[in-house]
Amino acid sequence: MEIAFYLSALVAVLATLGVITNPNPVHALLYLIISLISVAMVFFALGAPFAGALEVIVYAGAIMVLFVFVVMMLNLGETVVAQERAWMRPRVWLGPSVLSGILLLTLIATLWGGDPGRVIGGETLTARAVGSLLFGPWLLVVELAAMLLLAALVTASHVGRLPEPDKPAVSRESGARKEAS
């Protein structure tokens, strides 16, 4: 399991460097997905399968869904489609493919090695243990984080509703449009 831990950590560091140094957002996202999956494998190696599963489901899955929605909402047209086809040459996929291959080989070797329940040290972290910690001594911190996320949601909603500069503003009292003089 120690080899799986160190290989997964190395892949996480290399993929994160790929995220930081890549100027193309689509390519950086591919490296980010690999980085998040390798961090999940680090959690699995440390004996925290619940944290590893949450890493894959929440971060890697949610980021992909968010990215798909952003691409769908932008609807940039045919010129961007042609540019994306030019960007998706095989050399673009080489880095993420090699890092994914290393993770896959590490996972297969770990599972093939016999005892998949082996961990580096410590006890296994279960969902019950996480829940009792989060809603026990850390309840105030969880509630503060929830309030912060709510404030961010309200702010994003408010910023998203700002009127466009070329449209006349709507009067709140009468609901009629103000005429520009």
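The talk below goes label by label.

Mentor: Ground rules. This is a predicted model, where local features need pLDDT of at least 70, side-chain atom pairs count only at pLDDT 80 or more, and totals for chains, interfaces and linings use all residues. Residues are numbered from 1 along each chain as its sequence is written, and side-chain values use heavy atoms, with hydrogens and water left out.

Trainee: How many helices and strands are there in the protein?

Mentor: Seven helices and zero strands. From the N terminus on, the elements run α-α-α-α-α-α-α. Helices (H or I, at least four residues) and strands (E, at least two) are DSSP runs, numbered from the N terminus.

Trainee: What makes Ser35 buried or exposed?

Mentor: Buried means under 20% relative accessible area, exposed over 50%, and partly exposed in between (1.4 Å probe, protein chains only). Ser35 has a relative accessible area of 7%, so Ser35 is buried. Ser35 lies in helix H2. Leaving out residues up to four places away in sequence, Ser35 touches Ala12, Ala15 and Thr16. Touching is contact: heavy atoms within 4.5 Å. Across the protein, 19% of the 181 residues count as buried.

Trainee: Why is Trp93 called partly exposed?

Mentor: Because its relative accessible area is 38%, Trp93 falls in the partly exposed class. Trp93 lies in helix H5. Trp93 and Tyr31 are 62 residues apart in sequence, yet 9.8 Å apart in space, C-alpha to C-alpha.

Trainee: Which residues make up the largest nonpolar core?

Mentor: Val11, Ala15, Tyr31, Ile34, Met41, Leu99 and Leu103, seven residues in all. H1, helix H2 (25–45) and H5 each give two or more residues to this core. H2 gives the most, with three. The term means a set of buried Ala, Val, Leu, Ile, Met, Phe, Trp, Tyr and Cys residues joined through side-chain atoms within 4.5 Å. Take Ile34: not counting residues up to four places away in sequence, Ile34 touches Val11, Ala15, Pro96, Leu99, Ser100 and Leu103. In soluble globular proteins, nonpolar side chains tend to be buried together.

Trainee: What forms the nonpolar patch on the surface?

Mentor: Ile3, Leu7, Leu10, Val13, Leu14, Leu17, Ile20, Leu94, Val98 and Ile102, with about 910 Å² of accessible area together. Helix H1 (2–21) and helix H5 (90–112) are the elements that give two or more residues to the patch. H1 gives the most, with seven residues. Accessible areas come from the Shrake-Rupley method with a 1.4 Å probe, and for residues only the protein chains shown count as cover.

Trainee: How do you know that Leu10 and Val98 are partly exposed?

Mentor: Leu10 has a relative accessible area of 47%, so Leu10 is partly exposed. Val98 is partly exposed because its value is 45%. Patch residues need over 30% relative accessible area and no salt bridge; like charges are joined within 9 Å, nonpolar side chains (Val, Leu, Ile, Met, Phe, Trp, Tyr) within 5 Å. A salt bridge is a side-chain nitrogen of Lys or Arg within 4 Å of a carboxyl oxygen of Asp or Glu.

Trainee: Why is the pair of Phe5 and Tyr6 called edge-to-face?

Mentor: Rings of Phe, Tyr and Trp (its six-membered ring) pair if their centres lie within 6.5 Å; planes under 30 degrees apart count as stacked, over 60 as edge-to-face and the rest as tilted. A search of the whole structure finds one aromatic pair. Phe5 and Tyr6 form that pair, edge-to-face, at 5.2 Å centre to centre with 75° between the planes. At 56% relative accessibility, Tyr6 counts as exposed.
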